[in-house]
There are 2 protein chains.
Amino acid sequence: MNKRPTIRDVAAMAGVSVATVSRVLSGDYPVANATRTKVQRAVRELDYVVNAHARALSGSTSNVVALVMYDVVTPFFAFIASGVEYQATESDRLCLVCTTHGDPDRELEIVKLMREQHADAVILVGGVNMSDDYRERMYRYAKGLEDAGSRLVLCGRPSLGPDFPAITVEYDNAGGAFSATSHLLSSGHRRIAMLGGPIGNTTFDARLDGYRRALEAFRVHVDPKLIIHGDMSQESGFRQVQRLLADGVEFTAIFAANDFVAAGAMRALRAAGKSVPDDVSVIGYDDTPFAPELTPALTSVHLPHEELGRTAVKLALQRGEGSARQHVMLGTHIAMRDSVRPLI
Amino acid sequence: MNKRPTIRDVAAMAGVSVATVSRVLSGDYPVANATRTKVQRAVRELDYVVNAHARALSGSTSNVVALVMYDVVTPFFAFIASGVEYQATESDRLCLVCTTHGDPDRELEIVKLMREQHADAVILVGGVNMSDDYRERMYRYAKGLEDAGSRLVLCGRPSLGPDFPAITVEYDNAGGAFSATSHLLSSGHRRIAMLGGPIGNTTFDARLDGYRRALEAFRVHVDPKLIIHGDMSQESGFRQVQRLLADGVEFTAIFAANDFVAAGAMRALRAAGKSVPDDVSVIGYDDTPFAPELTPALTSVHLPHEELGRTAVKLALQRGEGSARQHVMLGTHIAMRDSVRPLI
DNA sequence: ACGATTCTAGAAAGCGTTTACCCTACGCGT
DNA sequence: ACGCGTAGGGTAAACGCTTTCTAGAATCGT
């Protein structure tokens, strides 16, 4: 097994100094054509590649963007990750992916790892449980990252104030929920069940809030019996509807906190002999790729997932001092399909 | 903005040498308790974290596992990635993710980047177009990675022979297709349409092969008219069925090369007024999370996605010389649901 | 023809760790 | 009392690159 060649080997073979090789490789400094050619031949000959760690140690950037999220398979996260990855390679960065599975300690751990790695940007994706000490801890993280020269981006997570050293890239969570609920309301529905997510999570609190505000805007009573919380799984949606039915709660429409819950809900409805959308209208959130494949095709709130990811990277990599604490909010829209019907 | 502290700052504050600090941090070398405490206090005081690049440069491992795949959102890849990420963090490694979108040049580029990064393992995921020069190029990659001290893993991609310096972790692609087709055959179906993937791709060639072998085992004629190729999208499945119908090809069952194609196919069938499974049985591949949510719930070939990913990492990180070129094959099974019905 | 620029390229000082090597002091067996 | 093994800790040499500083050669204006 050959040892991997270093820059000195290349320099020796080309008969120049290591400085010259380095300059040919980075291509910024003027180098005579003949010399450049010699060096390039040596590089090819030896199949030389630079050592990224040495380069990062010597220079100052690591060319790495870090992505921290709940998991990697939920479409919501996967699509944001896709946008991040896309823009990262566009900007010649590599993409480090870590998952927390909702564990705050793990998140702390990861941020430490990212400081070690000198990531150019650290992107925290998705909602979070805004606990008492979350802000304070997040502030320490942010400081640490700033000192390490990394940009912190909160993506799909609320800002922590304008003086907080982080970029925020949100989508209009509450607004999407408001539109969805309004859509149901203006179709004549008044008894709209909200199948919500875990309490305290910024994402699902916001969706619930949008639901509430829409009802209020239509002067419809917010009936607590219509609001259920669960995790975000298909099973949860299934059971939530079963419970509603078992409790004899009346409703003509369902607003589910995401498409998986909506799918489970529709399954429960079908199992109970109720037709969607004839008996009950259903609307989801996230507009996952399978939404159009359900029967009936699911109406859902569409999010600009990929653009969220792309914007996060773009802003983070943008140099200039004012850029370190921006806040952008992306819009949502409803993808209308067949799971909603006006109430006659 | 504070400069980030180095090990010398810690050493100075604790009144010891940098060597001692390093030893306290790695914890291998004996250090007196009092000294250790002093150092740890200084570390906390300064909020010091090691510089991963300096460590990687000095030591020899980068603690990074690289994952190269088609994209990040297709459930097939996402679940494998999930397994990789899981096992990587289990082994205290970070996980670098790159996508190729099917571009072989991009794959080459990425492997070079991974050599630069000194990744402990490079995992190439999923099928590939086995072109003439693929083998040769892959061989050069493999050599380069081996010299760089990285392990190469082919995951869900066929081995290139026992003397090829790479680990292979496959699932029984053809076997799964064989089972699926056999399931249809033993339910009495004889006219089974195969909605295949792109020609030349190892994954879809294998699935097609399993289909063929099953028909032959049942002594059923393989009718070329029943075999269509497309990309792997829902739309592709939809159009493939439309075409079959328009061409007046007779069939009582469909074997789709993945669940997305199956979903599109079912939609086309429904649009044409055909009932699944009363008129046509359908079976998918990959057993994506939405398969149970379709109407009817889709029978599909279940793959051990996460275990593929986990095994890839586990084998790659396992030290010992013989371990550098192993080959494991994982099994599949059919997840039976409601989209298949015996032909009466 | 001669000083002033402009190119080109080398020498060497870091970048922040780890680790091989060396040294001191102390306990212990004989 | 003496040699020795060992725990504890310091010194300095890598690790492989980038970049500043410096300097010779080539070009140019007058």
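The model is predicted, with local features requiring pLDDT of at least 70, side-chain atom pairs counted only at pLDDT 80 or more, and totals for chains, interfaces and linings using all residues. Residues are numbered from 1 along each chain as its sequence is written, and side-chain values use heavy atoms, leaving out hydrogens and water.

## Extent of the interface

With contact taken as heavy atoms within 4.5 Å, chain A contributes 51 residues and chain B 50 residues. By class, the chain A side comprises 26 nonpolar (Ala, Val, Leu, Ile, Met, Phe, Trp, Tyr, Cys and Pro), 12 charged (Asp, Glu, Lys and Arg) and 13 polar residues (the others, Gly among them).

The buried area, meaning accessible area (1.4 Å probe) lost on putting the two parts together and summed over both, is about 4,800 Å², and carbon and sulfur atoms give 58% of this. In chain A, the residues losing the most area to chain B are His53(A), Leu94(A) and Glu293(A), together 16% of what that side buries.

Four salt bridges (side-chain nitrogen of Lys or Arg within 4 Å of a carboxyl oxygen of Asp or Glu) are counted between chain A and chain B. One salt bridge joins the side chains of Arg115(B) and Asp47(A), at 2.9 Å from N to O.

Key: Chains lettered and ligands numbered in written order.
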